[in-house]
Amino acid sequence: MMRLQLVKRPQHSAFFSAVSPLIALALTMIAGAIMFSVLGKNPLDALYYYFIDPLRETWSLHELAIKAAPLILIAVGLSVCFLSNNWNIGAEGQFIAGAIAGGILPVVFPDFQNVLVLPLMLIMGMIGGAAYASVPAFLKARFNTNEILTSLMLVYVAQLFLDWLVRGPWRDPGGMNFPETRDFHAFAILPELMPSAGRANWGIVFALLAAVILWFVLRKTLKGFEIRVLGQSPRAGRFAGFSASHMVMVSFLISGALAGLAGISEVSGAIGQLQPAISPGYGFTAIIVAFLGRLNPLGIVAAGFVLALSYLGGEAAQISIGLSDKAARAFQGMLLFFVLGCDTLIHYRIRLVGLSVAKTGETGAETNA
Amino acid sequence: MEAERNAGGERLLDVQGLTKIFGALKACDGIDLSIGKGEIHALLGENGAGKSTFVKMLFGALEPAEGRIFWKGEPVDIANPGAARHLGIGMVFQHFSLFEALTAAENIMLSLDEKIPIMKVAERARELSKTYGLPLDPFAHVGDLSVGERQRIEIIRCLLQKPDLIILDEPTSVLTPQEADRLFETLETLRDEGKSILYISHRLEEVKRLCDRATVLRHGKVVAHCDPRQETAASLARMMVGDEVAAVRRLEAPGGIGEALLEARSLSRPAANPFAVPLREVDLTVRAGEVLGIAGVAGNGQGELFEALSGEIQQADAASVRIRGRDAGRMGISGRRLLGAAFVPEERLGHGAVPQMRLSENLFLSRFKTDARSLLGPLWTVRAGALTKAAKRIVEMMDVRKSGEDPEAAALSGGNLQKFIIGRELDRQPSVMIVNQPTWGVDAGAAARIRQALIDLARSGSAVLVISQDLDELFEMSDAIAVMHDGRLSAPVPISEATFEKIGLLMGGAMPERHASEALEKA
């Protein structure tokens with residue numbers, strides 16, 4: 001019997017570290033082309049509709065910004081979590097919690113209409129997302145639970161809660177029983193940037209601002225240093241006087257708030273009301289964005305546009321050559337797979353070992369450690 | 001020299017031109033070595049001289065780039081540790097690989113290639129332990145055993161394979177002097193039976209006492225084959241290091257011993273987990289101008305004491321730790337640093353420094369609070385320029401050898417990183433300095449420099465506490481030595497009254513009173 005073993009490389013190449021996201025993108029294209037041809041489509045056509053067609057029109061660039069905004073907002077928040085070694089997988093739930101919390105004003109108090117409504121909604125959205133993220137954070141800091149499980153499970157709670165709200169108490173009284181809330185009034189709508197050219201709204205501005213601010217915090221400040229030290233070496237962090245449990249809370253609150261802001265921006269901007277499904281999986285896709293962007297907020301901006309393109313391209317390919325929308329998800333999954341794979345292979349090499357050798361090799365490795 | 005090499009009678013192992021290259025570094029460069037039957041052969045060398053690499057090639061854990069190995073006259077290719085064991089080469093590692101929650105016999109059974117019932121394993125282990133004077137209860141849980149007892153499990157585990165050659169890697173580094181004596185008796189019994197032993201050490205006295213021949217390595221090359229009994233400790237050290245190591249000078253403090261700067265009063269702490277050691281009513285005082293050494297076998301609460309004194313773990317009772325006369329028990333490590341204390345933990349990578357961060361960033365790690373004024377700019381930004389300048393100052397002060405302008409901590413050798421970490425704290429002129437294992441795994445030149453720097457700090461009016469398992473080091477540096485055993489700290493023994501035997505007995509857990517009464521009985 002044979003077995004695969006990952007062996008750490010003594011030194012890793014700086015060049016390959018830098019180009020690894022590009023290699024991953026190229027490999028995804030190749031694997032995607034193979035998938036399209038297996039599905040019976042011309043792979044070149046499919047790739048064209050995926051990656052070129054959406055970039056040819058101004059309005060479609062606006063759509064790209066609309067899709068990229070939540071991805072970037074969520075992913076820069078997640079980068080804080082991932083850098084500090086906290087695995088928040090529940091951004092999708094925090095996104096929904098932010099949308100619900102921000103939606104309270106226009107849905108429950110539709111008569112409260114003035115210029116204060118939108119800023120209040122955005123703040124409430126951030127608070128909602130942060131509060132929802134504080135649950136797995138508190139459980140981890142206090143009881144040492146696994147935050148991957150708790151944050152992920154809370155996604156489904158949020159989804160079902162939203163579903164219940166829009167079918168039950170928050171259903172639009174004049175909406176012919178459709179499962180959706182009343183349309184947000186004019187004061188509750190996130191304005192478009194250039195209404196004559198396309199639909200892109202202030203969400204993309206929030207995203208870029210958040211990326212620049214967090215880039216500054218992570219690279220230049222004591223807080224960023226603390227985040228990186230605790231992520232790389234918790235014991236050294238304790239020696240420095242940093243608190244790991246404090247960092248669990250801080251990182252989850254930041255990423256929750258940004259996911260919540262993305263959620264309320266999405267419903268008050270692109271959608272204009274609450275519906276049973278308000279996200280095509282932005283919270284999960286943002287995990288890919290964060291890693292494709294190397295957990296660097298500026299890299300994440302670029303990665304956000306690439307993944308946004310895969311959403312738009314998926315729609316375009318669906319319309320023009322009849323590809324299933326599931327193909328777009330599979331495409332994103334392949335991208336994450338290749339990104340992580342490339343990163344791993346930069347630091348490790350693969351060794352094939354027979355089982356009998358593996359056994360002794362293993363004891364040798366243990367005892368030498 | 002040629003005559004010496006052939007002196008061992010019947011050859012068991014003959015190694016010719018063994019070479020191993022890591023990147024640009026020749027870890028082993030054409031090493032020749034032969035071991036005869038019934039010979040205890042010492043492999044001497046500084047840390048980083050290539051001893052471990054060489055041994056790993058013998059044990060099949062690393063593949064040589066060049067060179068040949070002859071076993072009983074036949075050329076062999078040792079592909080993995082299993083093959084080495086099959087030939088009859090056994091190894092006892094410096095760091096044990098035992099499961100603490102299992103019994104000794106269960107641990108032994110796990111390492112055997114064939115499946116043997118546990119009772120049979122226990123019986124054979126008991127026989128071996130009787131034959132070789134290695135007292136051991138096969139059904140004791142490893143977690144309850146002392147380090148010396150754990151080592152016996154490793155040795156018995158190795159003997160069960162009936163090896164012809166036993167490789168021991170720094171076996172006495174974790175033993176009390178008395179435990180080491182017992183080990184030497186066992187090794188001599190094994191030699192008398194015709195077994196060969198490759199004994200790796202940097203402790204010259206024990207090599208002189210025990211070994212028939214020695215091979216000295218320096219920078220991956222053999223510098224000498226010799227008979228250690230014909231050499232002096234000084235001449236062996238010269239071969240290992242290349243030139244004379246500056247002796248550490250311990251002058252009287254010019255201002256004499258001053259006020260107490262670091263105090264612990266009834267410092268207790270429950271064990272954090274089933275395998276940790278609780279601290280029991282530790283009392284200590286370190287005065288200005290003084291170096292207090294804390295001896296003890298590893299795992300008797302030294303790590304816990306360091307955590308409690310540094311504030312990585314805080315105490316409920318504020319008065320249990322006092323720094324410069326202020327109650328500090330409830331302060332975190334940053335608060336204690338602000339009182340003028342500095343700390344150097346045992347582990348360099350991953351505790352004292354973040355491996356993947358640059359030296360300047362690692363400087364920031366322990367200094368961002370105490371030197372906030374010079375290192376932090378507006379909006380809590382890190383002043384990279386000031387950091388690089390300070391890092392450069394420390395590198396020059398401590399003669400840290402490195403490649404590149406500001407390399408990652410992991411890229412430095414252990415000794416150079418330790419010099420940097422010590423320098424990082426000295427640079428602050430701390431009035432209290434607590435160091436755990438200051439020269440563990442550090443080459444002799446760097447170790448001498450570190451010890452001298454710590455003594456100089458004390459002489460300039462600071463209080464220095466050194467926790468170490470290296471008795472030579474403590475005798476060289478300390479004004480008084482206290483011993484940690486099972487979470488208790490003995491009263492300090494002034495250096496003028498301290499002997500290896502006295503400290504060794506305390507390390508083994510003997511109470512001073514009992515020791516006295518035993519002496520009376522003997523008389």
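This is a predicted model: local features need pLDDT of at least 70, side-chain atom pairs count only at pLDDT 80 or more; totals for chains, interfaces and linings use all residues.
Me: Which residue of β14(B) is the bridge partner of Ala264(B)?
Reply: That's Val321(B). Strands β11 (residues 260–269) and β14 (residues 321–323) of chain B are antiparallel, with three bridges.

Me: Why is helix α8 of chain A largely enclosed?
Reply: A residue is buried if 20 or more other C-beta atoms lie within 10 Å of its own (exposed: 12 or fewer; partly exposed: in between), with C-beta atoms placed from the backbone. Nine of the 11 residues of α8 (residues 222–232) of chain A are buried, so the rest of the structure largely encloses this helix. Among the buried ones are Phe225(A) and Arg228(A). The cover includes α10 (244–271) of chain A and α12 (359–367) of chain B.

Me: How many residues does each chain bring to the contact?
Reply: Contact means C-beta atoms, placed from the backbone, within 7 Å. Chain A brings 24 residues and chain B 32. On the side of chain A that touches chain B, α14(A) gives the largest share, eight residues.

Me: And the numbering?
Reply: Residues count from 1 along each chain as its sequence is written, while chains are lettered from A and ligands numbered from 1 in written order. Local features need pLDDT of at least 70 and side-chain atom pairs 80 or more, but totals for chains, interfaces and linings use all residues.

How values were computed:
Helices (H or I, at least four residues) and strands (E, at least two) are DSSP runs, numbered from the N terminus. Two residues are in contact if their C-beta atoms, placed from the backbone, lie within 7 Å. Two strands pair if DSSP finds at least two bridges between them.
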